[in-house]
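Here are my notes on the two-chain model you sent over. Have the structure open while you go through them.

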Amino acid sequence: MTVYDIAVIGAGPAGLAAAETAAARGARVAVVDAAEHPGGQFYRHRPGDDGSRHHHWRAFTRLRDALKNVDHLAGHRVWHAEPGEPHTLHCLVGHADERPTTVRAQHLILATGAHDRSLPFPGWDLPGVLTAGGAQALWKGHGLTAGARAVVAGTGPFLLPVATGLAASGATVHGVFDANRPDRRVLPLATDPARAIEAAGYAAALLRHRIPYRTGHAVIAAHGDGRLEEVTVARLDRDWRPLPGTGRTITCDTLATGYGFTPQLELAVHLGCALTEGFDGTPVAAVDAAQATTAPRVWAAGETCGVGGATLAIVTGALAGYAATGARPPASLLRRRARQRRLAAALAAAWPVRDGWKSWLTDDTLICRCEEVPHSRVEQAIAAGARDTRGLKLLSRTGMGRCQGRVCGYAAACLVGAPERPDRPIAQPVRLGDLAAGDTAPIHPRAGADT
Amino acid sequence: MVKPLGGADVVVVGAGIVGAAVAYECATAGLTVAVVERDQVSGGTTGAGEGNLLVSDKEPGPELDLALLSLRRWREWAETLDTDIEYEPKGGLVVASTAAALASLTALAEGQRAAGVETAAVADPRTLEPHLRDGTAGAVHYPQDSQVMPSLAAAELLRRPGITVHTGLTLTGLTLTGGKITAAVTDAGTIPTGAVVNAAGTWAAEVAARCGSELPVAPRRGFVLVTEPLPRMIRHKVYSADYVANVAAGTAGLETSPVVEGTAAGPVLIGASRERVGFDKTVSVPVLRRLAAQAVELFPFLTDVQVMRAYRGFRPYTPDHLPIIGADETVGGLWHACGHEGAGVGLAAATGLLVAQGLTGGKPALDTAAFRPGRFGRPVEEAHA
Amino acid sequence: MNITVDGRTVPAEEGQTIAAALHADGLRAWRTTRVGARPRGLFCGIGVCFDCLVTINGRASIRACLAPARDGDVVTTGGER
């Protein structure tokens, strides 16, 4: 079986940049990606897309062209990354026709990206409530509008492209509500000309579509009988507690909500990579100046080692590509990384998550959607001695279901007051027959219970 | 920093199921109890267990007697505790694949029956488990085998009045006066007390050392696969007759045997593996594959069922596979309640009872000689392997 | 191309996921939860939340938001298994 020099996991901005750089240095590279098409969440696109819905499309087409020089293993979901010489990636391919396969490589570059971070609020599990990224994926990936009457809520600059995407797809957007009030004087956008232009473009688009943009506001509840019918929006104090008397309802069929992003760290944990605190204080893979993790022959790039957006992802991906091929990176790349990191830290500081969201919860608000665990049971578990998300899981089933706490993990960690622990030995569901098929040792049932 | 915390008649080290049971029974006997836990309630092996209360996997002898006593106590707890601890007397079904295995199993069951275990030979196990594979040699049904949710049970036991739980606190040593305990020393202050119970499970050797004693308790790693939630397809705890042999084996190498059970919540739990690799948390893909292969062989319908997650735990292993229950033979006031390997939940209730009886000078409910901490002699080679 | 959803013919486009085809057809919920029978459909849209599970061609528990629609796919909605 082929043993690659380098396997890059993820075909988003970081993974593509890593693959391009490593392949250009002569390495035999595989890009292992769960999606059918390259691009990750950022460059998600439709087949035959002309890029008109995308920023940085030219950068993407250049990176995509680099895939010609690597083995692009699309549709490969890694359920476990096993460290070794070589490392082994245990993958699943297909869906109704799912089958297992493995990819082996001497070196790994983790560019596993991030998913939306959600905060719970009453009614957040009603159909029609989507993550911001989910609404964006319908538009960018399928050209579909998430709904006819939409509201966008959460925090961070990402809400803007989500709102303009919804509007472009034909939805009437009744408002963008950012819970923070970022101070315009310290807004770091100005330090990055590309972002300033991007921001100006979104501002113009909001105006063009007559979309109200409100800071210091949040959707604190969603209502509906079996599906979303309206949301309650309230003005917040500095700590995100609703100001009495400011609540009003907006009729809508769609809510796109997101409070930042959570990196996907399962594979890094499988490989034994140490974690550290990212720009916002939540766990990320720890890397050194060369993007090397603490695990032998494993590098990380992009959101895996700190949520900082596509530009930082491309820069760190390229740096990992240099390091994994034993090459020295150009100094200009190191300077760009330093600048982008400062920017990421400033963005994280300008758009934090404040504690007051907990006051949006009622006793019966679900925290864990999979196991349907209400807030009251989470509080009981904390009172009974749970001190972190594992304790919450054991005493209340929070995070015990199919998503393994990916959706509720951040909120659960905030409620219990300890960081998330992304310990998920099985990163993707795998059928027992497929797992068993890889069992190489013969099974010899022993005769009887006596030894 | 040595600031006094509130004093207690007894300090229990460890808030797993054994520590919780000891604390509960001591409080029931009228003692005031402080529980010192360096992590959180059920944070160790209790949180990694399935919560089995088994008599079926124990050969006649002191451990089976302990299990039977414990089972009775668990039944009382399930009836009297305020919170639902998900007690389910679902019964065990031990399946033999060959005629020879069935003969051994039948002989074992006869001995167990003489010791007070309810057993029933089952010619066609599929009458009890319709989805079991065809062509087994036969099975024995153990209706007493039960299950609880161990984390909930520990938390509920610890809520009893008279118990103070200190989580995030580590026992660092003891204060002795004239060879007898006068205080338990923790990283956040001392707790004046005359008795300390080491219920630190897999970490009991470390706690014993901090108390100036020595115990041969070592970790024996196990993995569990958890499937997606299913309608109730598997009603009993179903395992192969090989399992008993695996438990009894003392090898450091990997031992696996199929143990499969449905749960009220939906997921099917699949074990069991045993290997002595220290506290290595690394996931072993070959072990996961082996567990899957054995489960699918037992229940072919599982082939298409998804494993949703997996976890590992470290059982507190002792060289003779018996728990350590009783007073330390050198440090006055130090007691041990640990080393239950994979049976800690099942044996916890009786363990708590025996320790409470010992501490209050009562007559023990059964002969505890086999569980004596001093039985291993010194020096201990195995414990630090 | 077309897929069948609970016996009904639903159009799908090349490159669309099953979830996108259901969404384009106006469906917003196609599953209920085990405990509270709560309706669920798309939430994360990228394979993280497991809300959008369907059975495709007899195989249960597939994330509709990840599975590309293929002509003739037989989709069953409802519970998990």
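1. Ground rules first. This is a predicted model, where local features need pLDDT of at least 70 and side-chain atom pairs count only at pLDDT 80 or more, while totals for chains, interfaces and linings use all residues. Residues are numbered from 1 along each chain as its sequence is written, chains are lettered from A and ligands numbered from 1 in the order in which they are written, and side-chain values use heavy atoms, with hydrogens and water left out.

2. The A/B interface. Chain A puts 42 residues into the contact and chain B puts in 51 (contact meaning heavy atoms within 4.5 Å). Together the chains bury about 4,200 Å², with 56% of that on carbon and sulfur atoms; buried area is the accessible area (1.4 Å probe) that two parts lose on being put together, summed over both.

3. A:Asp423 and B:Arg312 form a salt bridge, with 2.8 Å between the closest N and O atoms.

4. Which strand of chain B does E22(A) pair with? E22(A) pairs with strand E17 (residues 306–317) of chain B, antiparallel, over 2 bridges, and A:Arg431 has B:Gln306 as its bridge partner in E17(B). Strands here are DSSP runs (E, at least two residues), numbered from the N terminus, and two strands pair if DSSP finds at least two bridges between them. The open sheet has 9 strands with mixed pairing, in the order E22(A)-E17(B)-E13(B)-E16(B)-E15(B)-E14(B)-E4(B)-E6(B)-E5(B). E22 of chain A and strand E5 (120–122) of chain B are at the edges with a single partner strand each, so one side of each has no neighbour in the sheet. E5(B) pairs antiparallel with strand E6 (residues 138–142) of chain B over 3 bridges, where B:Ala120 sits opposite B:His141.

5. Domains of chain B. Domain 1 of chain B gives 13 residues to the contact and domain 2 of chain B gives 17. They bury about 1,100 Å² between them, 57% of it on carbon and sulfur atoms. On the domain 1 side, B:Thr202, B:His321 and B:Glu341 lose the most area, together 49% of what that side buries. B:Glu341 also forms a salt bridge with B:Arg220, the closest N and O atoms being 2.7 Å apart; the count between these domains is 2 salt bridges.

6. Domains 2 and 3 of chain A. About 670 Å² is buried between domain 2 of chain A and domain 3 of chain A, 72% of it from carbon and sulfur atoms. A:Pro120, A:Trp124 and A:Asp125 supply 69% of the area that domain 2 of chain A buries there. The salt-bridge count between these two domains is 0, and the count of residue pairs in polar contact is 2 (both at pLDDT 80 or more).

How values were computed
Salt bridge = Lys/Arg side-chain N within 4 Å of Asp/Glu carboxyl O. Helix = DSSP H or I, 4+ residues; strand = E, 2+ residues; numbered from the N terminus. Polar contact = N/O pair within 3.5 Å; in protein donor to acceptor, adjacent residues only side chain to side chain.
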